[in-house]
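Here is a short briefing on one protein structure. Please look over the sequence and the model first.

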Amino acid sequence: MRTKSLALVLLTACGALISGVASAETSYFDVAKGAGPHDVAAAPGAGAPVYYTAQRTGKLGILDPKSAKFEEIPLGRGSAPHGVIVGPDGAPWITDGGQNAIVRVDPTTREVKVFPLPKETGYANLNTLTFDKKGRVWFTGQGGYYGRVDPKTGDMKVWDAPRGRGPYGITTTPSGNVWYASLAGNHIAQIDVETGKATVVDPPTKDQGARRIWSDSKGRLWVSYWNTGHVGMYDPAVKGWKEWKLPGSAHAYSVWVDDRDKVWLTDWSTNAIVRFDPATEKFDSFPSNRAQANVRQMLGRAGEAWGAESGVDRLVMVPAQ
C-alpha cells in the first residue's frame, strides 16, 4: 500500500548553519510485516524497480513503485542481507552477513548467485558495496575487513582493515577512487584498487563515528557522523575538511548525494530524513509520520531520494527537488 504525507518543518540553525523549511509530498510504501528493510536501492529511471534488503527474513525485496506491489526473493539458508546496490549490469548486489557472502540476483530470471568469502576470513559482518571502474565489487565488513570480488571470474580477495573493526559505508568517486568509512575506527580510508592497500584519513572531530560515505560529482567525500551528529566533507584535491552540525541532538546514520549535489542524511534523533544544500548551508527536514521509523541507508535516482524505514516495515520516497 502506498500513502503520502506533506512534510512542513522549520528548523532553528545551530552555529553558522541557516534555518530551512522543507515542504514536499513524501510517499510511503508498505512491505512485508517483519521484513525489517535495511538498505534500499532504486534502479535508474522513473518507475523502475526499487530493491531492498529484508534483513530479518533473509530476502531481497523488489518494489514496483507504480503499483506499490512487492515481491521477495529468498537468498539462501541463514541469509541476513544488509546492503544493496544496483550494479552496472542492472542487477541488485547484496552484502549478506548471514551467509558471509556477496550475492547477486538476476533482475529478470530472479536467479540467486552467491560469492562466499574465503573460509579463512571468518565472520566479516558484511556491510556495504560499490563498483570500481573495472566492474569489480568492493565491500566492507565491520569485523575489520574490506574486500573485492570480480564478477567475471569469481576471484575474491579480502584484506584486514588497517585499524581493525569498523569498516562500514563505501563509495566510488567519478574518477574511480574507492573510499570507505569506519564507524568503530572513526576515520575514512582510500583503497588502492590494484594493490588493495588502504590509506587512513582522520576527520577533524575525534570519536565522530564515521558511518556512511558518498562521493559527489566533484569527487568530494561526504561522511555521516553517528556519534556527534555532523556531516563532514573531505576534498581529496586539497586534502581539506569542512564539517557542519545537524540541528538538534542529531545522530546522522546515512548519507547519499543526489545528481544536483544535494546531500541527504538520516537523523535517528529527530526521526527524519534531512537534506543539506552545500551552497546555502541549509538543512531541511522531512520527518516520518510514524514513530521510530529508523531509516538506515539512503539511495536514489534523478528526482527521487529513497530510504528504508526499518522500524515500521516501509520504504519512503522524498522528491529530490
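Strand β13 (residues 145-149) is joined to β14 by five bridges, and the two run antiparallel. The model is a predicted one.

**The β11-β14 sheet**
- Y146 has W159, in β14, as its bridge partner.
- The sheet is open and has four strands, in the order β11-β12-β13-β14, with antiparallel pairing.
- β11 (126-131) and β14 (156-160) are the edge strands; each has a single partner strand, so one side of each lacks a neighbour in the sheet.
- Neighbouring strands of this sheet are turned against each other by 20 degrees on average, direction ignored.

**The largest pocket**
- The volume of the largest pocket is about 850 Å³.
- It is lined by 31 residues, of which V86, T172, W214, W256 and L299 are the closest to its centre.
- Elements giving two or more residues to this lining are β3 (37-42), β7 (81-86), β11, β15 (167-172), β19 (210-215), β23 (252-257) and β27 (295-301).
- The lining has 15 nonpolar, nine polar and seven charged residues.

**Residue E72**
- E72 belongs to strand β6 (residues 69-74).
- The side chains of E72 and Y52 make a polar contact at 2.9 Å.
- Beyond its neighbours within four places in sequence, E72 is in contact with A32, A35, Y52, A54, T57, K59, L60 and G61.
- E72 and T128 are 56 residues apart along the chain, and 20 Å separates their C-alpha atoms.

Notes: Residues numbered from 1 in each chain as written. Predicted model: local features only at pLDDT ≥ 70, side-chain atom pairs only at ≥ 80, totals over all residues. Heavy atoms only, no water. Contact = heavy atoms within 4.5 Å. Polar contact = N/O pair within 3.5 Å; in protein donor to acceptor, adjacent residues only side chain to side chain. Pairing = 2+ DSSP bridges. Axes fitted to C-alpha atoms, helices over the stretch in contact; angles between N-to-C directions. 1 Å grid on protein atoms, 1.4 Å probe; cavity = no way out; pocket = protein on both sides within 12 Å on 5 of 7 lines; lining within 4 Å. Points joined across faces, edges and corners; volume = space filled by probe spheres on them. Nonpolar A, V, L, I, M, F, W, Y, C, P; charged D, E, K, R; others polar.
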